[in-house]
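Subject: Structure handover

Hello,

Here is the structure I said I would pass on. Please open it and keep it in view while you read the notes below.

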Amino acid sequence: MKCEPLKKVYYTNESGYELEYSKRYAAPFTKHFDMPIKEYNRKNTYSAFLIYTQEIALLMEQIYKSYEMLLYVIHSVPNVVSDQFTL
């Protein structure tokens with residue numbers, strides 16, 4: 001599912017922006033941050049958040065698999081090799 005950025009929603013459909021923001025803010029895979037965001041020369045302040053999309057989840061999975069492979073390689077070579085590589 002591809003989501004339009006909230007910035008684009010704001011400029012194309014200003015009346016529906018608040019509803020879209022509320023839906024995304026309350027989504028089950030949303031991570032909230034204790035950091036307010038305020039646009040320049042605007043009255044409203046919004047809380048920062050991140051939605052874990054399928055794309056982000058797949059990238060995280062690739063990173064974890066690569067990290068697991070790296071750990072396997074590190075532990076399968078003698079300590080001299082990892083010391084030399086670190087230097």
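Leaving aside its neighbours within four places in sequence, tyrosine 21 is in contact with Leu6, Tyr46, Ser47 and Phe49. Please keep in mind that this is a predicted model.

One of those contacts can be described further. Tyrosine 21 and phenylalanine 49 form an aromatic pair, with 5.4 Å from centre to centre and 70 degrees between the planes, and the pair is edge-to-face. An angle over 60 degrees counts as edge-to-face, which is why the pair gets that label. Tyrosine 21 lies in helix H2 (residues 17-25) and phenylalanine 49 lies in strand S2 (residues 45-51), so the pair ties together parts that are 28 residues apart in sequence. Tyrosine 21 and phenylalanine 49 are both buried.

How many aromatic pairs does a search of the whole structure find? The search finds 8. There is also one aromatic cluster, formed by Tyr10, Tyr11, Tyr17, Tyr21, Tyr25, Tyr46 and Phe49.

The largest nonpolar core has 7 residues in all: Leu6, Val9, Tyr10, Tyr17, Tyr21, Tyr46 and Phe49. Helix H1 (6-12), H2 and S2 are the elements that give two or more residues to this core. Which of them supplies the largest share? That is H1, with 3 residues.

Now the surface. Phe29, Phe33, Met35, Leu50, Tyr52, Met60, Ile63 and Tyr64 make a nonpolar surface patch of about 830 Å². H3 gives the most to the patch, with 3 residues.

Is phenylalanine 33 buried, partly exposed or exposed? Its relative accessible area is 38%, so phenylalanine 33 counts as partly exposed; the label covers values between the 20% limit for buried and the 50% limit for exposed. Aspartate 34 is also found in S1. Aspartate 34 has a relative accessible area of 83%, so it counts as exposed.

Regards

Conventions:
Residues numbered from 1 in each chain as written. Predicted model: local features only at pLDDT ≥ 70, side-chain atom pairs only at ≥ 80, totals over all residues. Heavy atoms only, no water. Patch = residues over 30% accessible without salt bridge, like charges linked within 9 Å, V, L, I, M, F, W, Y side chains within 5 Å. Areas by Shrake-Rupley, 256 points an atom, 1.4 Å probe, with all protein chains shown as cover. Salt bridge = Lys/Arg side-chain N within 4 Å of Asp/Glu carboxyl O. Helix = DSSP H or I, 4+ residues; strand = E, 2+ residues; numbered from the N terminus. Buried < 20%, exposed > 50% of the residue type's maximum accessible area, 1.4 Å probe, protein only. Phe/Tyr/Trp six-rings, centres within 6.5 Å; stacked < 30°, edge-to-face > 60°. Core = buried A, V, L, I, M, F, W, Y, C linked by side-chain atoms within 4.5 Å. Contact = heavy atoms within 4.5 Å.
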